[in-house]
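Me: I would like to learn how to read salt bridges and pockets. Can we work through a case together?

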Amino acid sequence: MTIFNLFKIGIGPSSSHTVGPMLIAKKFCETIKEKNFLNNLTRIKVELFGSLGSTGVGHQSDVAVILGLLGNIPKNVDLDHIDKIIDEVKKNSTINLLNEKIIKFSLKNDLILYKNKTLPFHPNAIKLTIYDGLNELFNKTYYSIGGGEIISEDEINNEIKETNNLPFAFSSAKELLQLCKKNSMTIGELILENEKIFKPKESIENDLLQIWQVMKECVQNGLKADGNLPGGLNVPKRAFNLYTKLKNKPDNDPLVSMDWVNLFAIAVNEENASTKRVVTAPTNGAAGVIPAVMHYIIKFLLKENENENDVAINFLLTAGAIGLLYQKNASISGADVGCQGEVGVACSMAAAGLAQYLGATIEQIENAAEIGMEHNLGLTCDPIAGLVQIPCIERNAMGAIKAVNAARMALNSDGKHYVSLDSVIKTMYDTGKDMKKKYKETSQGGLAVHYVEC
């Protein structure tokens with residue numbers, strides 16, 4: 001129950017398909033080193049199942065696994081040298097595990113992506129096995145469960161029970177609001193007190209500001225990047241040209257702020273699609289929604305006497321509280337529940353953060369979060385060619401616009417509404433479980449199969 005499970009600095013294009021597999025590969029290598037297998041092994045085999053297998057190449061899961069085996073982590077992997085690193089592995093047919101043990105490695109035989117095989121617990125599964133000659137030494141299965149979070153099979157079987165050490169533990173939006181009322185606290189204040197169990201207040205705020213800084217850099221980099229997106233579809237980047245147009249556009253258009261929200265989201269997600277540095281919020285596929293709404297505040301709403309850093313911290317604390325509810329009671333994985341679990345959750349989180357900034361009551365904030373998800377229910381995950389480009393980039397822009405509208409709708413009401421946030425979270429999860437597999441990040445249905453190349 002920490003918001004830093006939701007906000008992670010990593011690389012594109014997918015938190016569950018890129019960030020998670022990289023962390024899994026590195027963790028497995030560290031495990032076999034601890035078990036003293038590293039010196040004796042002669043082969044490592046990596047098998048990707050479910051959504052990881054069916055869209056792994058488009059999402060660069062294969063690249064992520066190799067980088068993880070080499071000992072890299074998403075937060076600080078050298079983005080400028082990834083292609084060179086991968087080319088070396090392909091050229092030499094060897095890999096240097098943790099930069100300590102060189103063995104033969106064939107992408108064809110040792111990195112296997114199954115397009116139609118799944119494991120029971122979650123669609124995103126990876127099994128790693130090591131050998132000494134023909135003898136199997138050790139194997140372990142992991143799952144990438146969304147937002148860069150990973151779990152091993154033995155951790156599932158020996159699930160650690162939640163401790164009650166949090167000063168304000170809650171399992172539902174109803175409990176969260178009750179705690180806020182009882183203790184005369186805002187949602188952000190309550191979450192901050194919980195986070196202080198894990199680290200000091202100064203560290204929490206510094207980490208949140210680092211996240212905000214990376215979000216800002218991601219937007220700025222996206223505005224300056226021209227050309228086509230990688231992956232083979234040759235989709236032109238739009239943020240650069242849109243930015244040039246908006247800079248020179250008169251301010252007499254009453255909806256120009258919405259153009260900027262679209263721009264901010266597109267800029268982030270074009271960076272994500274280009275394997276650049278982004279923040280999971282709560283996932284890479286939905287990384288543009290929250291930064292877009294935060295930039296909307298800074299550009300159009302921030303008052304002279306307000307401090308941008310304070311605004312960012314309070315926004316992320318409030319949005320993080322909502323994200324924790326989805327992570328705990330539903331899912332933030334597109335392979336598990338469709339894009340409603342990614343862009344839908346991001347929209348809900350951003351709506352809450354914006355409502356908080358606009359002075360909403362806690363009831364109105366809960367209402368904003370509920371509206372944000374209610375109108376994303378049933379949203380499928382159907383990326384064309386397995387690339388986080390179409391419809392993912394525009395979908396983030398639409399999610400950001402919906403978040404702005406949800407917050408404004410909530411503020412124009414008294415906070416009373418028929419559908420609670422808890423109800424809509426349960427509905428989202430049930431809807432995702434009822435959704436056919438082909439609409440959940442497999443690229444086997446929806447837009448992924450019904451489009452015409454221009």
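Me: This is a predicted model. How exposed is E394?
Reply: E394 is partly exposed, because its relative accessible area is 46%, between the 20% and 50% cut-offs.

Me: Which residue forms a salt bridge with E394?
Reply: Side chains of opposite charge can pair when their charged atoms come close. Here the partner is R238, with the closest N and O atoms 2.9 Å apart. R238 sits in the loop between α9 and α10, and E394 in helix α17, so the pair ties together parts that are 156 residues apart in sequence. R238 is partly exposed too, at 38%.

Me: How many salt bridges does the structure hold?
Reply: It holds 16. Another one joins D382 and R395, at 3.8 Å from N to O. D382 lies in the loop between α16 and α17, and R395 in helix α17, 13 residues apart.

Me: Are D382 and R395 buried or exposed?
Reply: Both D382 and R395 are buried.

Me: Which residues are linked with D259 in a network of salt bridges?
Reply: K249 and D253. The D259 and K249 side chains meet at 2.9 Å, N to O.

Me: Now pockets. What is the volume of the second largest pocket?
Reply: Rolling a probe the size of a water molecule over the atoms shows where empty space is left. For the second largest pocket, the volume is about 450 Å³. Its lining has 24 residues, with Q60, D83, P230, S274 and T275 nearest the centre.

Me: Which element gives the most to that lining?
Reply: α4, with five residues. The lining divides into 12 nonpolar, six polar and six charged residues.

Terms used
Residues numbered from 1 in each chain as written. Predicted model: local features only at pLDDT ≥ 70, side-chain atom pairs only at ≥ 80, totals over all residues. Heavy atoms only, no water. 1 Å grid on protein atoms, 1.4 Å probe; cavity = no way out; pocket = protein on both sides within 12 Å on 5 of 7 lines; lining within 4 Å. Points joined across faces, edges and corners; volume = space filled by probe spheres on them. Helix = DSSP H or I, 4+ residues; strand = E, 2+ residues; numbered from the N terminus. Nonpolar A, V, L, I, M, F, W, Y, C, P; charged D, E, K, R; others polar. Salt bridge = Lys/Arg side-chain N within 4 Å of Asp/Glu carboxyl O. Buried < 20%, exposed > 50% of the residue type's maximum accessible area, 1.4 Å probe, protein only.
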